[in-house]
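Hi,

Here is the structure I promised to pass on. Have a look at it first, and then read my notes below.

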Amino acid sequence: MPDTTMTPEEFRETTNRIADTVRHVIDGKEHAIRSALVVLLAEGHLLVEDVPGVGKTMLARALAASIDADVRRIQFTPDLLPGDVTGVSVYSPANREFEFTPGAVFANVVIADEINRSSPKTQSALLEAMEERQVSVDGRSHPLPAPFLVIATQNPLEMDGTYALPEAQLDRFMMRMSMGYPDAEAEALMLRQRDTRNPLLEVRPVVTLDGVAQLIDFAHRVHVAPVMEQYAVSLARATREHPDLRLGASPRATLQLVRASKAWAALQGREFVIPDDISGLARSVFGHRLIPTRHAAAGRRSADPVPRIIDQIVQSVAVPVAGR
């Protein structure tokens with residue numbers, strides 16, 4: 001068989017094309033675009049949390065449209081049922097047996113829009129799919145297509161009509177990020193460009209499904225030295241021992257921090273991970289998994305103490321000095 005291994009030059013060219021495509025839809029959000037790319041390349045899942053109207057769904061749809069893959073969007077509402085997500089078994093009179101009808105989760109990219117608007121029972125329908133890349137219905141397992149990426153959006157939990165995601169659900173997401181408001185220049189540009197057209201309708205895929213698989217394989221092959229692995233473990237263990245946290249990072253979080261760091265390093269043009277890759281992603285990977293103590297959260301209603309605690313941990317844990 002011919003060698004289909006992607007070269008570093010091909011990797012940079014392809015990922016830049018994807019980023020440029022998303023950039024035509026999302027103005028002034030370079031970090032958000034790069035973060036979404038990291039999750040795609042690391043085979044994780046992304047949670048985008050922010051107030052309405054800042055482009056959460058637009059980012060997810062733009063990334064999905066830039067790759068030639070099967071894309072499904074699920075609008076999570078209070079009346080959405082688990083079977084609508086995973087699929088159901090339907091009796092076929094012709095065959096006199098039950099036949100499985102796949103749900104909306106059977107796609108390469110699943111956009112779970114406003115996931116916290118549905119009930120916890122429906123939210124939990126994604127647990128097995130996100131972790132094991134399969135769905136079990138009536139005692140039978142049905143594999144999901146590869147690659148498989150869930151991009152979920154949610155409004156802040158204090159808003160009316162929402163259901164907080166449980167810790168087990170949050171732990172399935174590799175990264176959580178916020179879009180934030182655009183700067184004045186980007187917002188003015190949006191007004192001019194979108195008054196007469198929708199840039200999302202102009203997006204065309206820039207990479208095939210096989211190409212995405214090659215990108216993922218390239219990111220997997222990025223070198224992680226043992227001292228870098230130990231550095232990630234030390235950061236995770238520090239969250240479990242910090243006095244201001246009652247729930248620290250799980251072993252899954254440590255694994256996903258390393259995987260995300262490999263993808264980030266690849267996007268920076270390197271084939272090896274450095275400490276800055278790991279520490280720079282600690283907030284995005286650990287932040288939604290950590291729960292502060294009541295004492296740490298007291299008197300800080302306007303500010304989440306978790307980012308501050310993560311910064312303290314990053315500063316306190318010794319940075320490895322050895323190279324590759």
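Starting with the surface, the protein exposes about 16000 Å², and 51% of that comes from carbon and sulfur atoms. Please keep in mind that this is a predicted model.

Next, the overall picture. You'll find 14 helices and 11 strands in the protein. Its radius of gyration is 20 Å, close to the 20 Å that the globule rule gives for 324 residues, so the protein is as compact as a globular protein of that length. Buried residues account for 50% of the 324 residues. As for contacts between residues at least 6 apart in sequence, 79% of them join residues at least 24 apart.

Now for two hairpins. One is made by β3 and β4, with four residues between the strands. Strand β3 covers residues 87-92 and strand β4 covers residues 97-102, and they pair in the antiparallel sense over six bridges. To find your way along the pairing, look for glycine 87, which stands opposite proline 102 in β4. In the turn, arginine 96 has a positive phi of about 55°.

The other hairpin is formed by β6 and β7, with two residues between them. Here, too, the pairing is antiparallel, this time over four bridges, with β7 running over residues 140-143. Serine 136 has serine 141 in β7 as its bridge partner, and aspartate 138 in the turn has a positive phi of about 55°. In a regular strand the side chains alternate between the two faces of the sheet. Strand β6 (residues 134-137) has Val135 and Val137 on a covered face, while Gln134 and Ser136 are on an uncovered one.

Further along, the peptide bond from alanine 146 to proline 147 is cis, with omega near -5°. Proline 147 sits in the loop between β7 and β8.

What about the helices? Have a look at alanine 265 in helix α11 (residues 251-267) and at aspartate 277 in helix α12 (residues 275-286). Alanine 265 has a relative accessible area of 0%, so it is buried. Aspartate 277 also counts as buried, because its relative accessibility is 3%, under the 20% cut-off. Leaving out residues up to four places away in sequence, alanine 265 touches Val222, Arg270, Phe272, Val273 and Asp277. With its own neighbours within four places set aside, aspartate 277 is in contact with Ser261, Trp264, Ala265, Arg270 and Phe272. For a sense of distance, alanine 265 and phenylalanine 98 are 48 Å apart, C-alpha to C-alpha, and 167 residues apart in sequence.

Two loop residues are also worth a glance. Glutamate 43, in the loop between α2 and β1, has a phi near 55°, a positive value in a residue other than glycine. Its relative accessibility is 34%, so glutamate 43 counts as partly exposed. Glutamate 114 lies in the loop between β5 and α5 and has a positive phi of about 50°, although it is not a glycine. At 23% relative accessibility, glutamate 114 is partly exposed.

Cheers

Terms used. Residues are numbered from 1 along each chain as its sequence is written. This is a predicted model: local features need pLDDT of at least 70, side-chain atom pairs count only at pLDDT 80 or more; totals for chains, interfaces and linings use all residues. Side-chain values use heavy atoms; hydrogens and water are left out. Two strands pair if DSSP finds at least two bridges between them. The radius of gyration is taken over C-alpha atoms; the globule rule is 2.2 Å times the number of residues to the power 0.38. Buried means under 20% relative accessible area, exposed over 50%, partly exposed in between (1.4 Å probe, protein chains only). Contact means heavy atoms within 4.5 Å. Accessible areas come from the Shrake-Rupley method with a 1.4 Å probe; for residues, only the protein chains shown count as cover.
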